[in-house]
Amino acid sequence: MKNLSIPPPADQGLDQTLRPKTWQEYIGQEKIKRNLRVIIDASKKRGEPLEHLLFYGNSGLGKTTLSHIIAQEMGASIKMTSGPAIERAGDLAAILTNLSDGDILFIDECHRLNKIIEEYLYPAMEDFKLNIIIGKGPMASTMELPLPHFTLIGATTRVAMISSPLRNRFGATFQLSFYGSEDIEKIIQRSAKILNVEIESDAVKLISQRSRFTPRVANRLLKRARDFAQVEGQGLITENMAKKALELLEIDEAGLEYGDRRILETLITKFEGGPVGLQTLAAATSEEQDALLDVYEPYLMQLGFMERTPKGRMATKLAYAHLGIKYKGNQNLL
């Protein structure tokens, strides 16, 4: 029989190659790494499965990578899924009953688990039992399935959307923060070695400055700069080559992309700097509300270009200055 499986995209394969495999390779998030090492070592000494863990923070900061390293440190298998993929109780039952003792179940976007699935998860996480209802109406009965002692690792960008009962069942919760410039530069240098591409130190700094303090973005920009250097140059990523690649991608000095600038320009030109509600801003920019919340807002607020107020979003003086627009004060607050 022919193998009809579709090979992963080239960039996806590269992402797997660039993913750190050990604590030594994982750069940044030092406090979280120290805490996790203690939890892992203590679990090993007791001979017990690891407690359930919850990671939250913006996308691209290393939640999935941490989970893979934890699995390796525990000598456990890791099964991957996501909140939206578990639609019915049967889906959850199929996943949980196929686990073995000590296995790790990683659920990405766990804030998107529906409430019914959460109810089934509570006894599974606490007592390692799954209560399945068979039949309907007066003939319905409950069947209790024993489960292996597994570890659930949840990852989310919206921790506030996880219900308190589910959040409280995790043994430890960790927030991944944006990276500093030095750590991003180390990540770029490590990735360049893995990709077998030469890069000048000035180019490393330039890419780091525009990487949105995020390793995934830094690696993406590095790969695009590599492509540009191979086509337009001799394969060496110089500062000039990196700059040309970033200009082609429409990424400015602050790391803002076209979508970021459009949001700020809309705030300033259409709404006089704000405040404006999320729904109105999303409609005016033709962006999804979730995209504004998860993709654009965190970085714009980190730079100090946007403020979130009780009345809505506002552009700051720094945003006006960055876009070269004269600041006349916020007319909507007068």
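1. Strand S3 is largely enclosed by the rest of the structure, because 4 of its 5 residues are buried; buried here means under 20% relative accessible area, exposed means over 50%, and partly exposed lies in between (1.4 Å probe, protein chains only). Helices (H or I, at least four residues) and strands (E, at least two) are DSSP runs, numbered from the N terminus.

2. On the basis of the note: this is a predicted model, in which local features need pLDDT of at least 70 and side-chain atom pairs count only at pLDDT 80 or more, while totals for chains, interfaces and linings use all residues. Residues are numbered from 1 along each chain as its sequence is written, and side-chain values use heavy atoms, with hydrogens and water left out.

3. Strand S3 pairs in the parallel sense with strand S2 (residues 78-82) over 5 bridges, where pairing requires that DSSP finds at least two bridges between two strands. In this pairing serine 82 stands opposite aspartate 108 in S3.

4. Helix H2 (30-46) has 17 residues and reaches 25 Å from its first C-alpha to its last, close to the 24 Å expected at 1.5 Å a residue, the expected span being 1.5 Å times one less than the number of residues. Its buried residues include Ile32, Lys33, Leu36, Ile40 and Ser43; they cover an arc of only 95 degrees around the axis, which puts them on the same side of H2, with the arc taken from the directions from the helix axis to the C-beta atoms. An α-helix has 3.6 residues a turn, so residues three or four places apart point the same way.

5. The buried residues of H2 are covered by elements that include strand S1 (53-56), helix H3 (63-74) and strand S7 (172-175), whereas the face turned away from the buried side carries the exposed residues Lys31, Arg34, Val38 and Lys45. Glycine 47, which follows H2, has a positive phi, near 70 degrees.

6. Tryptophan 23 lies in the loop between helix H1 (10-18) and H2, and at 5% relative accessibility this residue counts as buried. Leaving aside neighbours within four places in sequence, tryptophan 23 is in contact (heavy atoms within 4.5 Å) with Lys33, Leu36, Arg37, Ile40, Leu66, Ile69, Ile70 and Glu73. The C-alpha atoms of tryptophan 23 and arginine 37, 14 residues apart along the chain, are separated by 9.1 Å.

7. Tyrosine 320, found in helix H14 (residues 317-323), is buried, with a relative accessible area of 5%. Beyond its neighbours within four places in sequence, tyrosine 320 has contacts that include Ile268, Glu272 and Gly273.

8. For the chain as a whole, there are 14 helices and 9 strands, and buried residues make up 45% of the 334 residues. Among contacts between residues at least 6 apart in sequence, 69% join residues at least 24 apart.
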